[in-house]
Structures are given as C-alpha cells and as structure tokens.
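Please keep the sequence and the coordinates at hand while reading.

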Amino acid sequence: MTKNKSRKLSYDCKYYIGDRPCRWHKQTGILCECEDYTPLKGNLLIIKLDAIGDVLRTTCILPVIVKEWPNLRISWITRPEAISLLENNPYIDEIVAYGPDALLHLLSKKFDYVINLDAGKISSEIATIAKAREKVGFVMHENGYVIATNKEAEEWLQLGVFDDLKKANKRSYQEIMCSIAGIPSEDMAYVLSLKEEEKEKGRSCLQEIGVDIKKPIVGIHTGGGGRWRLKQWAEENIIALID
C-alpha cells in the first residue's frame with residue numbers, strides 16, 4: 001500500500017474552501033501555493049436580508065469594497081429566496097442563508113468588519129451577535145431597539161422614521177449606503193452574474209413571445225412588494241413612460 005505524501009495546505013488563501021478543491025485545482029490540478037495564491041487580510045460580513053430588490057441594489061458596494069479593502073474574505077447573510085441573486089458573484093466568497101446555518105456561521109467565526117445596512121430588527125440582531133473588531137451600520141441596543149453605529153447611519157435611520165426628511169432627501173440609496181460604509185461611491189455598480197443556461201432560458205422566453213433579441217430591448221417591471229403598495233405605479237403612469 002502506497003503511503004500518500006503530505007502536502008502543504010494554504011489555509012490562509014482566499015480560495016481555500018476545506019471540504020472540496022478550490023477552483024484553480026479543479027480547473028488545472030495545480031497545488032498550493034500556486035500563482036493565484038492570495039493570502040487573506042481579514043474577514044468581512046455583509047448582512048442584507050430584505051427585500052430582494054434591496055439585496056440586488058446593495059451589491060453596488062462590492063466593487064468599491066474590494067478596491068478599498070483588497071484580499072478580504074467576503075461573506076453575505078441573506079434570506080434563502082435572495083440567494084440566487086448572489087450566486088456566481090465574483091466578489092462574494094460565501095453566501096449564508098438566514099437560519100440555523102447563519103447562527104453556526106456567527107458562532108464559529110470572528111470577523112474584522114461587519115456591515116449591516118438594514119435597520120430592521122432581525123438584521124441588527126445578527127450584527128450584534130457577530131464577533132467583530134468593527135461594526136458598521138446598525139446594531140441592536142441591549143434594551144431592544146435599533147441604533148446606528150455612525151453619523152451617516154443615524155441620518156439614514158432618521159430618513160426611515162421622519163417622512164419630511166425622506167421627501168427632502170436628494171441622495172440615492174446607493175450613495176447613502178456607501179457613506180454609511182465609509183467608502184467612496186464613484187466605482188459602485190450593480191453585480192448580477194448569470195449562468196449561461198440562465199441567459200439562454202431568458203433568450204428562449206423572449207423569442208417565445210415574439211421579441212426580436214437582436215434589437216435593443218427595454219424591460220419594465222410593473223410589480224411591487226405587498227409591504228409598500230403606494231410605491232407601485234398606477235397603470236396610466238406606466239403607459240405614459242412606455243410612450
């Protein structure tokens with residue numbers, strides 16, 4: 001019986017997974033430490049649970065974070081129904097579904113940074129439980145209410161509470177989220193990475209309803225969540241926009 005020779009494992013590499021090969025070994029068979037070896041400089045946790053649209057638009061901070069704080073392992077906790085939006089995202093190393101797995105994740109790891117941009121109670125409770133050197137955004141006070149960790153988060157909290165401030169606000173959601181996180185907003189961009197089979201399914205659906213996919217296409221989503229019904233546009237406004 002041939003005895004296996006012990007090999008070095010790069011535990012500190014950004015691409016190390018543990019229970020399966022990393023992407024580079026899977027693709028080429030290359031061993032640690034390879035030319036893609038990227039030593040980690042820390043762990044970052046992003047908490048964004050609700051709603052699906054907000055999860056997608058919060059991805060705009062990822063390119064900026066990676067540029068400002070390179071070589072961090074980025075984990076993201078979200079609800080199961082939003083996971084498909086984050087899959088294949090090149091900036092996220094680990095997606096954790098809100099539930100028992102998230103609790104184990106929080107109990108077993110220590111983070112350098114936790115970014116919670118959601119002032120909801122559950123998200124703030126998750127941020128409070130997480131062990132981290134620095135927490136940005138919103139956490140739960142020991143008396144049971146949400147508090148901000150910095151001035152920028154406090155301003156966002158007030159926008160959510162006072163309608164007159166919200167109506168007077170001229171800044172975009174994305175700009176405000178970047179200011180809370182303490183990062184510039186110049187390089188922010190939505191990140192949605194679709195698999196090729198997902199793209200092909202989309203093309204097939206469009207062709208089935210008679211859309212010429214060789215021409216420019218403008219899509220208008222007319223729906224909306226049940227929580228904010230007043231944000232749903234009236235039918236006549238949608239028609240006017242199309243015209």
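A polar contact is taken here as a pair of N or O atoms within 3.5 Å, where, within protein, one atom must be able to donate a hydrogen and the other to accept it, and where residues adjacent in sequence count only if both atoms are side-chain atoms. This is a predicted model, in which local features need pLDDT of at least 70 and side-chain atom pairs count only at pLDDT 80 or more, whereas totals for chains, interfaces and linings use all residues. Residues are numbered from 1 along each chain as its sequence is written, and side-chain values use heavy atoms, with hydrogens and water left out.

**Overall make-up**

The secondary structure comprises eleven helices and six strands, where helices (H or I, at least four residues) and strands (E, at least two) are DSSP runs numbered from the N terminus. Along the principal axes, the C-alpha atoms of the protein fill a box of roughly 75 × 55 × 35 Å. Of its 243 residues, 30% count as buried; buried means under 20% relative accessible area, exposed over 50%, and partly exposed in between, with a 1.4 Å probe and protein chains only. Contact means heavy atoms within 4.5 Å, and among contacts between residues at least 6 apart in sequence, 53% join residues at least 24 apart.

**The sheet**

The six strands of an open sheet follow the order E3-E2-E1-E4-E5-E6, with mixed pairing; two strands are said to pair if DSSP finds at least two bridges between them. Strand E3 (94-97) and E6 are the edge strands, each pairing on one side only. From one strand to the next the twist averages 30°, with axes being lines fitted to C-alpha atoms, for helices over the stretch in contact, and angles running from 0 to 180 degrees between N-to-C directions.

Strand E4 (residues 110-116) is mostly covered, with five of its seven residues buried. Together with helix H6 (residues 121-129) and E5, strand E4 makes a right-handed β-α-β unit, right-handed meaning that, with the strands pointing away from the viewer, the path from the first strand over the helix to the second runs clockwise. Helix H6 lies across E1, E2, E4, E5 and E6, and runs at about 160° to E5.

Gly42 belongs to strand E1 and is buried, because its relative accessible area is 11%. Although Gly42 and Leu72 are 30 residues apart along the chain, their C-alpha atoms are separated by 5.0 Å. Leaving aside neighbours within four places in sequence, Gly42 is in contact with Asn71, Leu72, Arg73 and Asp112.

**Helix H5 and His105**

His105 sits in helix H5 (residues 100-108) and, having a relative accessibility of 7%, counts as buried.

**Thr38 in its loop**

Thr38 lies in the loop between helix H1 (23-28) and E1, and its relative accessibility of 15% places it among the buried residues. A polar atom of the Thr38 side chain lies 3.0 Å from the backbone oxygen of Asp36. Not counting residues up to four places away in sequence, Thr38 touches Asp12, Cys13, Lys14, Tyr15 and Asn71.

**Helix H7**

In helix H7 (residues 151-161), the buried residues are Ala153, Leu157 and Leu159. Seen down the axis of H7, these residues fall within an arc of 155°, so they line one face of the helix; the arc is that of the directions from the helix axis to the C-beta atoms. They pack against strand E5 (131-140), strand E6 (146-148), helix H8 (163-168) and helix H9 (173-181), whereas the face of H7 turned away from the buried side carries the exposed residues Lys151 and Val161. At the start of H7, a side-chain oxygen of Asn150 comes to within 3.3 Å of the backbone nitrogen of Glu152.
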